[in-house]
Amino acid sequence: GLGTFRDYYPEFKSIGGIRLPPYAHNEPLNLLCEIGVLGILLLVWVLWPILKKLRERKSWTEPWAWIVGAIFLQAFFDFSIRYPPVFFLAGFSLSQLMPETQLSLPLPGKSKILATGTLILLATFSAFPGIADLYFRWNTRESSRTSRPEAARAATLIDPLNAYYRYESGRMRDIVIALDLEPRNVWIRRAAARFYLQQWRITHDPNALRAAEEQCQWLKKCAPNMDLFNPEINAIIEEKFENTKIKVIIDNL
């Protein structure tokens with residue numbers, strides 16, 4: 001599905017180093033990974049009438065065509081089309097190249113009001129993620145007095161379904177929610193493993209140790225070829241070994 005590249009890439013990562021990109025630096029390959037061959041064929045089927053009309057109009061020499069061509073050329077070397085400004089620029093440029101048509105919807109007055117109100121509500125709700133992102137970036141700049149966790153908690157109120165803000169908030173309840181939103185996100189899994197391990201060291205609650213071990217099992221499953229998470233995994237193995245030794249000593253006593 002769309003937007004899942006960063007969650008599944010760690011499972012197949014084989015190149016060394018700590019870099020874990022959230023997307024491929026090639027838009028077509030990124031789409032191919034996320035929607036598969038059938039999704040690509042469906043996308044071509046949707047876009048083909050547009051390309052056919054553009055070919056009939058022979059508008060490839062217009063400035064708008066050069067803008068569209070530059071955007072799609074860059075997409076082969078970066079992940080740019082899904083950035084809203086680039087996406088809307090590409091859509092606007094394509095609209096300038098299309099033949100002029102007039103769309104008439106024979107809707108009664110009440111239906112037009114309902115449709116307009118629905119579109120306004122959709123536009124309003126669609127703006128919330130952008131507002132949250134703007135707020136978070138503004139309050140996490142170097143000159144800001146707001147701490148990163150505080151900015152993330154405030155952004156969560158605006159965009160509650162964003163796992164990244166919940167992860168950055170530093171609160172365990174938010175990390176648990178983030179795991180439900182993105183269960184294959186290795187960074188959130190590592191944060192949960194660290195928290196449970198810390199709880200075990202403070203309380204010696206076996207449930208906390210088991211929870212930390214479960215998170216590390218997820219890490220090994222989601223990122224089997226990455227050594228970035230070895231410190232957490234080794235720490236939990238050592239803690240589990242020490243816990244077993246303590247139990248053996250108590251049983252012998």
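A residue is called buried when its relative accessible area is under 20%, and this cut-off is needed for several of the residues described below. The structure discussed here is a predicted model. Aspartate 174, which belongs to helix H8, has a relative accessible area of 2% and is therefore buried.

## Aspartate 174 and serine 169

When residues up to four places away in sequence are not counted, aspartate 174 touches Arg166 and Ser169. Serine 169 sits in helix H7, which covers residues 163–169, and because its relative accessible area is 1%, serine 169 too is buried. If neighbours within four places in sequence are left aside, the contacts of serine 169 are Pro149, Ala152, Arg153 and Asp174.

## The chain as a whole

The chain contains 11 helices and 0 strands, so that reading from the N terminus gives the order α-α-α-α-α-α-α-α-α-α-α. It has 253 residues, of which 30% count as buried.

## How pairs of helices pack

Two packed helices are described by the angle between their axes and by the distance between those axes.

| Helix pair | Angle between axes | Axis distance |
|---|---|---|
| H3 (residues 63–74) and H4 (residues 84–97) | about 145° | 9 Å |
| H8 and H9 | roughly 140° | within 10 Å |
| H9 (residues 186–203) and H10 (residues 206–222) | about 155° | 8 Å |

With an angle of about 155°, H9 is roughly antiparallel to H10. The crossing of these two helices is left-handed. On the side of H9 the contact includes Val186, Arg189, Tyr196, Leu197 and Trp200, while among the residues that H10 brings to it are Pro206, Leu209, Gln215, Trp218 and Cys222. Sorted by class, the residues in this contact of H9 with H10 are 15 nonpolar, 2 polar and 2 charged.

The axes of H8 and H9 cross at roughly 140°, and these two helices are therefore oblique to each other. H8 passes H9 in a left-handed crossing. Here Met172, Ile175, Val176, Ala178 and Leu179 of H8 meet Ile188, Arg189, Ala191, Ala192, Phe195 and Tyr196 of H9. This contact of H8 with H9 consists of 10 nonpolar residues, no polar residues and 1 charged residue.

Helices H3 and H4 also pass each other in a left-handed crossing. Trp64, Ala65, Ile67, Val68 and Ile71 are the residues that H3 brings to the contact, whereas H4 brings Val86, Leu89, Ala90, Phe92, Ser93, Leu94, Gln96 and Leu97. By class, the contact of H3 with H4 has 11 nonpolar and 2 polar residues, and no charged ones.

## The nonpolar cores

Which residues make up the largest nonpolar core? It has 8 residues in all, namely Ala163, Met172, Ile175, Ala178, Leu179, Ile188, Ala191 and Ala192. Helix H8 (172–181) and helix H9 are the elements that give two or more residues to this core, and H8 has the largest share, with 4 residues.

## Two residues in loops

Histidine 204 is located in the loop between H9 and H10. Although histidine 204 is not a glycine, it has a positive phi of about 55°. Is histidine 204 buried or partly exposed? Its relative accessibility is 49%, so histidine 204 counts as partly exposed.

Tyrosine 23 lies in another part of the chain, in the loop between helix H1 (5–12) and helix H2 (27–57). Tyrosine 23 is 14 residues apart in sequence from tyrosine 9, and the two are 8.4 Å apart in space, taken from C-alpha to C-alpha. With its neighbours within four places in sequence left aside, tyrosine 23 is in contact with Phe5, Asn30, Asp78, Phe79 and Tyr83.

Conventions:
Residues numbered from 1 in each chain as written. Predicted model: local features only at pLDDT ≥ 70, side-chain atom pairs only at ≥ 80, totals over all residues. Heavy atoms only, no water. Axes fitted to C-alpha atoms, helices over the stretch in contact; angles between N-to-C directions. Parallel < 35°, antiparallel > 145°, perpendicular 65-115°, else oblique. Left-handed = near helix turned anticlockwise from the far one by under 90°. Contact = heavy atoms within 4.5 Å. Nonpolar A, V, L, I, M, F, W, Y, C, P; charged D, E, K, R; others polar. Core = buried A, V, L, I, M, F, W, Y, C linked by side-chain atoms within 4.5 Å. Buried < 20%, exposed > 50% of the residue type's maximum accessible area, 1.4 Å probe, protein only.
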